[in-house]
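Me: Could you walk me through this structure? I would like to go slowly and ask things along the way.

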Amino acid sequence: MSSTSLRKFYLSLRSALSKMTRRSHSPELSPRPLKKQKLGHLTSEDYKNGVFLAPMVRSGALPTRLFALKHGATMVWGPEIVDKAMLHAKREVDPVTGVISYNGVSRAIFTTHPLEKPYLIYQIGSADPDLAVQAAKVVMHDVSGIDLNCGCPKPFSTHAGMGAALLTNPDVLCSILVALRKAMPPEISVSAKIRLLPSQEDTLKLVERICGTGISALTVHCRTRNMRDRDRAMIERLREIVNFVEGLGKGIAVVENGDCLGWEDAKRVRGATGAHSVMIARAAEANPTCFSDTPLVDLDKTLVPSYLRLSKYFDHNWGLTKFCIAQFKGERVTVKKSEATNLRQMLSKAKGFDAVKEFVGDWTGEDEMKEIIEAIEKNPPRLRRMYISADSTATVNDTLSKSVTANGNGVVASVIPSVASSKEDEAYATPQNTQNPEPPSSGAPFLPKEFQSIDPLPPKADPVTPTPTVSA
């Protein structure tokens, strides 16, 4: 090696040693904070091992959905919106709160917030594939999934061929799902919510057709069209349906809906049915925190003030806010009945948020929103899972077998302890004055009078399973 090359070698070596020496004396850097886990688009697996907020007209309002997510709901369904209602709605974003409103002439048809998008399923009422696709395209950028309502038994839905009327018109039902799956991008999931048919064989035939449309999940409300919420849900029929769907090998999740009281009770329901997930309606309407391991009690103090503050911050409709609060019915521990009665009377007379200022105190709605954001970021709802052990399922199966044997006639007796007696059945009865009203209907604002669907709608009447008249 020449002297010039040797000199260059020593110079480079000395430079390297100098850098290493300086680096060794530099203070150690603190470890990088963990990156937030990104949530991809929904798949069938995201519909499994969860507890969901059911779609409820009015009761499924934006504040209710956010509080449900804060307290542990895995995903939330928005209230059913009839397809035509969204076709000419105007999308507006509040620059302060971030609330997204799809507005008609005088009111918001649907409101959401970007915070709930990864967990939000938009439920659509439709009887026409083209209208369903058009309506879904309007909102698809603000939701993670589209769900078709195939179970609403009320006349406002069935008379137009929607809701439960689709159960006896499977051609139209499946054509809507196929059209939605074809039109929606891959990141938007498509699902359906049905009711049981009187015949289990007919139910399985319908389920088989629905599972061939490309859906990610199927929710089964374990009541028939003619049953009402006061009737006990026939959850014992669901296990055969779950096994049937799993046998198809498509990986579709089956979600149970009916008579679940909360997160802990969902374990019983899943053990009894084999369902991949559970959906809660009335119990969540009465207490949106029922998704927690420890739901709030004394709601008049622990939830109502927060709900009012958040609703005012969102400039939420006062009448809708008052309606939702009127449904809250939780356990009272420190709040006396007289105190709760006085609060309810005050709310019923109030004409706006200012009338309850003395009860609420400071309008710190922004702080309420920050708490919800922190809770969701700390424990992302879609990562909150309920895994059921094989032992618990076996225990329920043994109970079912013993009930059938004891009955002697092959008919499953009442195997659910919480609904075994007539006295306990009262807990499953629909509370008075809580019947959900009609959702935004086909007579939606901005709809041109000359509007006509491309294809004729299905027959308006369903002579096979007519919807019974329900007294107010």
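What follows is a conversation about a sheet, a pocket and a pair of helices.

Reply: Gladly, and please keep in mind from the start that this is a predicted model.

Me: OK, in what order do the three strands of the open sheet come?

Reply: The three strands are arranged in the order β4-β5-β6, and their pairing is antiparallel. The edge strands, which pair on one side only, are β4 and β6. On average, neighbouring strands of this sheet are turned by 20° against each other, if direction is ignored.

Me: How many bridges join β4 to β5?

Reply: Four bridges join these two strands, which run antiparallel, and lysine 90 stands opposite asparagine 103 in β5. The two strands β4 and β5 also form a hairpin with six residues between them, and in its turn glycine 98 has a positive phi of about 85°.

Me: And on the β6 side, which residue is the bridge partner of asparagine 103?

Reply: That partner is alanine 108 in β6, and the strands β5 and β6 pair over four bridges, again in the antiparallel sense.

Me: Switching topic, what volume does the second largest pocket have?

Reply: Its volume is about 750 Å³. The pocket is lined by 30 residues, and those closest to its centre are Ala108, Ile109, Thr111, Asn317 and Leu320.

Me: Which element gives the largest share of that lining?

Reply: The largest share comes from β6, which supplies four residues.

Me: Last topic, the helices: at what angle do the axes of α8 and α9 cross?

Reply: The axes of α8, residues 238–248, and α9, residues 263–273, cross at roughly 65° and come within 8 Å.

Me: Which residues make the contact?

Reply: From α8 there are Leu238, Arg239 and Val242, while α9 brings Arg270, Gly271, Ala272 and Thr273. Divided by class, the residues of this contact of α8 with α9 are three nonpolar, two polar and two charged.

Notes. Residues are numbered from 1 along each chain as its sequence is written. This is a predicted model: local features need pLDDT of at least 70, side-chain atom pairs count only at pLDDT 80 or more; totals for chains, interfaces and linings use all residues. Side-chain values use heavy atoms; hydrogens and water are left out. On a 1 Å grid over the protein atoms alone, a cavity is a set of points where a 1.4 Å probe fits but cannot get out, and a pocket is an open set with protein on both sides within 12 Å along at least five of seven lines; lining residues have an atom within 4 Å of a point. Grid points are joined across faces, edges and corners, and a volume is the space filled by probe spheres set on the points. Two strands pair if DSSP finds at least two bridges between them. Axes are lines fitted to C-alpha atoms, for helices over the stretch in contact, and angles run from 0 to 180 degrees between N-to-C directions. Contact means heavy atoms within 4.5 Å. Ala, Val, Leu, Ile, Met, Phe, Trp, Tyr, Cys and Pro count as nonpolar, Asp, Glu, Lys and Arg as charged, and the others, Gly among them, as polar.
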